[in-house]
Amino acid sequence: MQPTAHTAHTETHDAHHEDQGFMRKYVFSTDHKMIGLQYGVTALFFLFFGFCLMLMMRWKIAHPTLPVPLVGPLLASLFGEVAAKGIMSPDLYNSFGAMHGTIMVFMAIVPLAFAAFGNFVVPLQIGAPDMAFPRVNMASYQAYVIGGLIMFVSFFIPGGAAQAGWTSYSPLATAIPTDGQTFWLIGMIFLITSSLLGAVNFIATIIQLRAPGMTWMRLPFFVWGQLVTAFLLLLAFPPLEAAGVMQLMDKVAHTSFFLPTGLAVGGNLANVSGGGSPLLWQHLFWFLGHPEVYVLILPAMGIVAEIIANNTRKPLWGYKSLVYSALTIGFLSFIVWAHHMYLTGMGTRVATFFQTTTMIISIPSVIILTCFFISLWGGSIRFNTPMLFVMAFLPMFGIGGLTGLPLGFNYSDLHLHDTYYVIAHFHYIVAPGTIFAMFAGIYFWYPKITGRMMSEFWGKVHFWSSLVFMNLIFQPMFAQGMAGMLRRMADGGANYSQAVVGADAKGGLSAQVMGLHTYILWAAVGLAIAQIPFIVNLFWSINHGKKVTSDNPWQSTTLEWQTPTPPPHGNFAQVPDVHRGPYEYSVPGQTADFSPQNQAS
Amino acid sequence: MSDQHSPDHFSHHVRRYLFVFYALLFGTLITVGASFIPFGNHAVNIGVALIIACGKAFLVAGYFMHLISERKMIYGIMAFTAFFFIGLMFLTIWSMKDFPTFATH
Amino acid sequence: MDIPYTVAPRQDTGLYNAKVGIWLFLASEVMLFGALFSSYILLRVGAAEEMWPQGWLNVPVGTANTLVLITSSITTVMAWASLKMNQFNKFKFYHACTILLAFTFVGIKSYEYHDKFNHYEFTLANGTFADGHMHENHLKQEGAAWTGYAIIQGHVVTEEAELYNLKKHKQPSHSEVRVEGPQIKKMSNYGPWHNTYTAIYFTLTGLHALHVIGGALVIGFLWGPGSKMWKTDPERFTNRIEISGLFWHFVDLVWIFLFPVLYLL
């Protein structure tokens, strides 16, 4: 090593950072905290956009022939014929549906849960000055923005956005003659690249840049969650990227990777070579698709862990179990994917294999939830806003997880596949599950970023109203699904309701089941209104929130709270020395009820 | 990797690299040659070609990429990757091959 | 605080940051090409026995390309070894060879691609198939019909399967064949759209070629403007050569499997 070269480098390095212009500091930043904020703001925008798509979809389902209130004329002027007179056509509904899923999963939740929170918190929590590869970090954000823009723009091209579901099954995806799917595929390639670069960065950072004394078993569980998530992204995304390239070739180069021989479109034999396999797309998609759902939940579980430990003032129960469960989930998630494909004509042996692995993977999830529940026992619980969201997460995720079991069993899935039951199941996990953890994380880490607290009162309003309305939206969907209502129908199943097919027809949807659409719509509107206090609180508190009186307002043990507010470039003035585990709360014999990790003994 | 070996020690490594190079050239030639041998069952040709390819891959990964003297962390990452890749390949092909051949109703 | 372990390795892992990074990236690349290889197997296994092409690729040309890439692998490792032995000029020489070999590989691949795009298969009205390389193209397409004629160097067969397994069906000598426009029912060159074999061939080799070009650009940059770092931070520069070398060897590794799978089996 050449010391002179390095000190010279350090001096110029620091001097360079003194006078950064606006662009360098806010737009082309390589600082993990700024990049985390960039990811957060962009992801929240897409979350809002995806939410708006959902509102319009729920209107269409409840009132298929009526124009959408308020935005109807806007839709008509933007999209022309497919929204004539403000009434959504089925094609427009399909594109909203496909994009709602795509945007929520790939452009909202993953960037928020993994990239935003991860980027801001992980280097701080492990005692590092930044991510291992800051310029790669910047590149990954830029790839995300480009991918997101391509997806956003696809709404406004002739023919509109992709229409074949977020799952983009072939041959439908390529048979639809518009360009929306092409934009979707190119957008996905950018988004996947962004995730891959991010994953490399996170793993290398966590392996290499832990501060002295920060052993693996002293890491906050949040970091473990992010580490496993990064591995899932790293290894599961590339097959989807390969599939995306192949589907793109099917679309623009007229190959037949996923198009079977003898395919007919619109009554005519398709002019393609054939010989391909639609199932191949499904396998490659779900090879990512299943690990993806663990990408959505693991960062959330990490946030839940931090906030529970902090607000019960006692260590997490079962830290080792939590860690090993997270690792097991990560490993098993790669070999369960075909439980999304039970109805593709799978044989009994393969179905049994996937059913077995699916049942096994529920075990570590239950272990994690159990550890969280037990962690509450005997705690001095502080019921602040982050804690409320996190405590609600536990039963909500419980409902979501347990309702997954009938889907994991091949036999019951025969009845429930592609029904509203599935929608209810996964929304319970993501909405009052992951998104509640996201809200909790925002309320929790807000003072470290801004030096001010968000309003507790409006936080509680936000919490209670969101909890009530989310349950009102998704609980009825279990009943609708079990009654046989299928997914992705623009008219909400009206075409096979008993009103249309008669009361004697087997499987006709009853008036009660159909009537639930109206209640769900009102609950969705309620949920929308419930977010207003949050959005106002978020912006208003930047300048008017209660100022914190210390750098560690929650009296937390983890390293991100042992820095100035906000943390400066380089995070720590000196390399921190870690002396203890992450959750040393209420240690007998200590005067304070918490011992920060880097506090000298 | 920092200077584990002095420049003189490195010439020993260079000889090893050259040896691997010759082995790779040889491996290429026998791969091509073996593909012309009529074993009767095409599966045997596939097997032979893949075994030779794996051998060549082992040489490139082991010596050119220093994997044979690399640290446990790297082994771990690549071992998991190999497992998942094989899982993807095997399970996908198994799913395509296993389907019901009888009516269930 | 500066980011540690950018050059010096971390004690417990024994690695410097970029090395962890590149191996992680290579792991993702294994999954990427692995998915494509799995797709290849699936498509091949799912195809009818006689209708999966064999012998469509030129084995001597492919072998030459394999030898080119293997040679570039040894020059890559020698370039790094030269830096380890403080021989900067030898590094320059070896990596210049690497870059030249990379361009040779891409050049040969372009020739192969061009050959495929020039190779046509016609389905004729009388149920036969004309197949060969285009010499003169005087065809004009109007809707779904053709006028004019084309001269190809090839042959005519009665069973389409005769065009597929070239190992089983001995090739008759090629001669000039005139194909009349009005006789053509279907016409396609051997591009990706021709059948799933050409589709996966172009996708696999195309993606691989993009990696060759990308790798060559990075090595080219490090050989040229990037080599200034040798004077200010030789150890860090050597590590960069090692990292780019690891990527290059991976590209060679993929070809080691691509060649027999696509060309020989």
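Helix 1 of chain C is largely enclosed by the rest of the structure, because 25 of its 30 residues are buried, a residue being termed buried if 20 or more other C-beta atoms lie within 10 Å of its own, exposed if 12 or fewer do, and partly exposed in between, with C-beta atoms placed from the backbone. The model is a predicted one, in which local features need pLDDT of at least 70 and side-chain atom pairs count only at pLDDT 80 or more, whereas totals for chains, interfaces and linings use all residues. Residues are numbered from 1 along each chain as its sequence is written, and chains are lettered from A and ligands numbered from 1 in the order in which they are written. Helices (H or I, at least four residues) and strands (E, at least two) are DSSP runs numbered from the N terminus. Helix 1 of chain C covers residues 17–46 and reaches 44 Å from its first C-alpha to its last, close to the 44 Å expected at 1.5 Å a residue, where the expected span is 1.5 Å times one less than the number of residues.

Chain C has contacts with both chain A and chain B, two residues being in contact if their C-beta atoms, placed from the backbone, lie within 7 Å. Towards chain B, the contact takes 40 residues from chain C and 36 residues from chain B. On the chain C side, two or more residues are given by each of helix 1, helix 2 (59–84) and helix 6 (234–264), and helix 1 of chain C gives the most, with twelve residues. The residues on this side of chain C divide into 27 nonpolar, ten polar and three charged; here Ala, Val, Leu, Ile, Met, Phe, Trp, Tyr, Cys and Pro count as nonpolar, Asp, Glu, Lys and Arg as charged, and the others, Gly among them, as polar.

Between chains A and C, 41 residues of chain A are in contact with 35 residues of chain C. The side of chain A that touches chain C draws at least two residues from each of helix 1 (3–18), helix 8 (180–208), helix 9 (221–252) and helix 10 (278–312) of chain A, and its largest share, ten residues, comes from helix 9 of chain A. By class, this side of chain A has 26 nonpolar, 13 polar and two charged residues.

The largest nonpolar core has 282 residues, of which Ile203(A), Leu234(A) and Val304(A) touch the most other members; a nonpolar core is a set of buried Ala, Val, Leu, Ile, Met, Phe, Trp, Tyr and Cys residues joined through C-beta atoms within 7 Å. Helix 5 of chain A (residues 90–126) gives the most to this core, with 24 residues. When residues up to four places away in sequence are not counted, Leu234(A) touches Leu196(A), Ala199(A), Val200(A) and Ile203(A), as well as Leu24(C), Ala27(C) and Ser28(C). Another core, of nine residues, lies apart from the largest one and includes Phe122(C), Trp146(C), Val179(C) and Ile184(C).

Chain C is divided into domain 1 (18–116 + 195–264) and domain 2 (120–189), with bounds that come from an automatic or database domain assignment. The centres of the two domains, taken over C-alpha atoms, are separated by 35 Å, and the contact takes seven residues from domain 1 and five residues from domain 2.

Several strands of chain C pair with one another, pairing being assigned if DSSP finds at least two bridges between two strands. Strand 1 (residues 119–124) and strand 2 (residues 129–142) of chain C pair in the antiparallel sense over five bridges, and they form a hairpin with four residues between them, in whose turn Gly127(C) has a positive phi of about 85 degrees. Strand 2 of chain C also pairs in the antiparallel sense with strand 3 (residues 145–157) of chain C, over 13 bridges; in this hairpin, which has two residues between the strands, Gly143(C) takes a positive phi near 70 degrees. Phe122(C) has Ala130(C) as its bridge partner in strand 2 of chain C and Met187(C) as its bridge partner in strand 5 of chain C.
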